[in-house]
Amino acid sequence: MNVMPDINDFWKPDILGNGFEMHTAKHPADYSGPVCSTVVRLLSANASTRSVLYIHGFSDYFFQKEMAHKFTEHGYNFYAVDLRKYGRSHMPWQKFFQVKSLSEYFPDIDNAVETIKADGSTEIILLGHSTGGLTASLYMQAKPEKCIKALILNSPFLAWNLPWPLVKIGIPVICALSKVFPGLKLRADKTDNYASGIARHLGGEWDYRTDFKPDVLPPVDATWIRAISQGQRKAAEGNIKVPILLLHSDKSAHAGDAREAFKKSDGVLDVDKISAAGQKLGPDVTDITIPDGLHDLVLSRRDVRDKVYSTIFAWLTASGL
């Protein structure tokens with residue numbers, strides 16, 4: 001790894017308050033100019049050499065305080081990274097979530113891992129949600145750090161939630177067009193159905209910044225689609241050596257379904273495709289279905305997320321972690 005935490009960049013209070021701290025790491029400029037990533041931490045009350053590193057999904061950032069507290073209560077230090085051009089790391093001149101290859105995020109994860117090690121941890125569990133789950137999987141293929149002992153995937157974006165003709169024909173056409181028209185915009189969902197199941201201001205349970213996580217998913221450009229498509233093909237090669245816990249809902253909600261369906265289903269991805277693709281990631285994959293789970297399982301209703309956490313900690317214990 002060649003990205004080290006800036007020793008002059010000390011921990012500061014985070015926007016989440018209540019013991020959460022953050023620091024920002026500067027990275028070499030890319031095609032959009034200067035970039036940075038942000039690490040957020042919550043330390044366990046008891047000194048621990050075990051930590052969890054969380055990687056968020058698309059059009060998202062870290063705000064899941066309850067998840068952090070669950071891990072610290074079980075003796076893990078908790079860290080999360082807001083990737084470049086997302087959330088805390090977005091800069092005014094940048095396009096949100098612009099990316100040409102998911103490997104662009106590897107230095108952000110490198111920095112977070114080095115930060116965790118500098119804090120004294122020797123064992124790290126990598127936890128990724130949605131596109132963060134895809135990115136975490138690619139990271140473990142390309143950079144299998146010895147200190148990273150396991151991979152937990154929360155509804156990872158390992159396959160498109162699209163009809164077969166669009167996957168086999170439409171996506172390759174868009175990828176080809178991206179080389180000529182990189183800024184070509186596409187929008188798959190113009191509703192706030194998914195947000196209605198989580199956002200307090202829409203009747204859900206959770207508060208978060210809608211400038212970082214808008215109710216309606218913003219359009220993506222063709223280069224983003226190409227990056228995801230290339231990442232999914234690479235992830236399908238498998239070869240991740242650490243144990244993997246693959247978590248997903250038991251059903252998906254689709255456009256045209258009743259709004260209520262989005263409160264007890266994955267309203268973003270196809271859960272069957274998640275399962276099929278996830279089982280190919282490595283030789284040691286535990287595939288667990290969570291009934292009535294949302295796309296971000298830890299934002300599901302209380303009894304469902306209690307099942308998520310009990311599953312995670314039972315698996316970690318059984319894995320000697």
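Biologist: Why does glutamate 145 count as partly exposed?

Modeller: Its relative accessibility is 23%. Buried means under 20%, exposed over 50%, and partly exposed in between (1.4 Å probe, protein chains only). Glutamate 145 therefore counts as partly exposed. Keep in mind that this is a predicted model: local features need pLDDT of at least 70, side-chain atom pairs count only at pLDDT 80 or more, and totals for chains, interfaces and linings use all residues. Residues are numbered from 1 along each chain as its sequence is written, and side-chain values use heavy atoms, without hydrogens or water.

Biologist: What makes glutamate 145 and lysine 117 a salt bridge?

Modeller: The rule asks for a side-chain nitrogen of Lys or Arg within 4 Å of a carboxyl oxygen of Asp or Glu. Here N to O is 3.4 Å, so the pair meets the rule. Glutamate 145 sits in the loop between helix H3 (131–142) and strand E7 (148–154), and lysine 117 in helix H2, so the contact ties together parts 28 residues apart in sequence. Helices (H or I, at least four residues) and strands (E, at least two) are DSSP runs, numbered from the N terminus. Lysine 117 is partly exposed, at 33%.

Biologist: Which residue forms a salt bridge with lysine 85?

Modeller: Aspartate 30, with the closest N and O atoms 2.8 Å apart. The two lie 55 residues apart: lysine 85 in the loop between E5 and helix H2 (106–118), aspartate 30 in strand E2.

Biologist: Is lysine 85 buried or exposed?

Modeller: Buried, because its relative accessible area is 0%. Aspartate 30, at 21%, counts as partly exposed.

Biologist: How many salt bridges does the structure hold?

Modeller: The total is 23. One of the pairs is aspartate 292 with arginine 301, at 3.0 Å. Both belong to a network that also links Asp250, Lys251 and Asp303. Arginine 301 is partly exposed, at 38%.

Biologist: What is the strand order in the open sheet?

Modeller: E1-E2-E3-E5-E4-E6-E7-E10-E11, nine strands with mixed pairing. E1 (12–13) and E11 (285–290) stand at the edges, because each has a single partner strand. Two strands pair if DSSP finds at least two bridges between them. E2 (residues 21–30) and E3 (residues 33–42) have eight, in the antiparallel sense. Histidine 27 has valine 35 as its bridge partner in E3.

Biologist: What joins E4 to strand E6?

Modeller: Six bridges, with E4 and E6 (residues 123–129) running parallel. Arginine 50 partners glutamate 123 there. Five bridges join E4 to E5 (residues 77–82), again parallel. Valine 52 stands opposite phenylalanine 78 in E5. Five of the six residues of E4 (50–55) are buried.

Biologist: Which residues make the nonpolar surface patch?

Modeller: Ile169, Val173, Leu177, Val180, Phe181 and Leu184, with about 530 Å² between them. Areas follow the Shrake-Rupley method with a 1.4 Å probe, only the protein chains shown counting as cover for residues. Patch residues have over 30% relative accessible area and no salt bridge; nonpolar side chains (Val, Leu, Ile, Met, Phe, Trp, Tyr) are joined within 5 Å, like charges within 9 Å. Leucine 184, at 33%, clears the 30% limit. Leucine 184 lies in the loop between helix H4 (164–178) and strand E8 (185–186).
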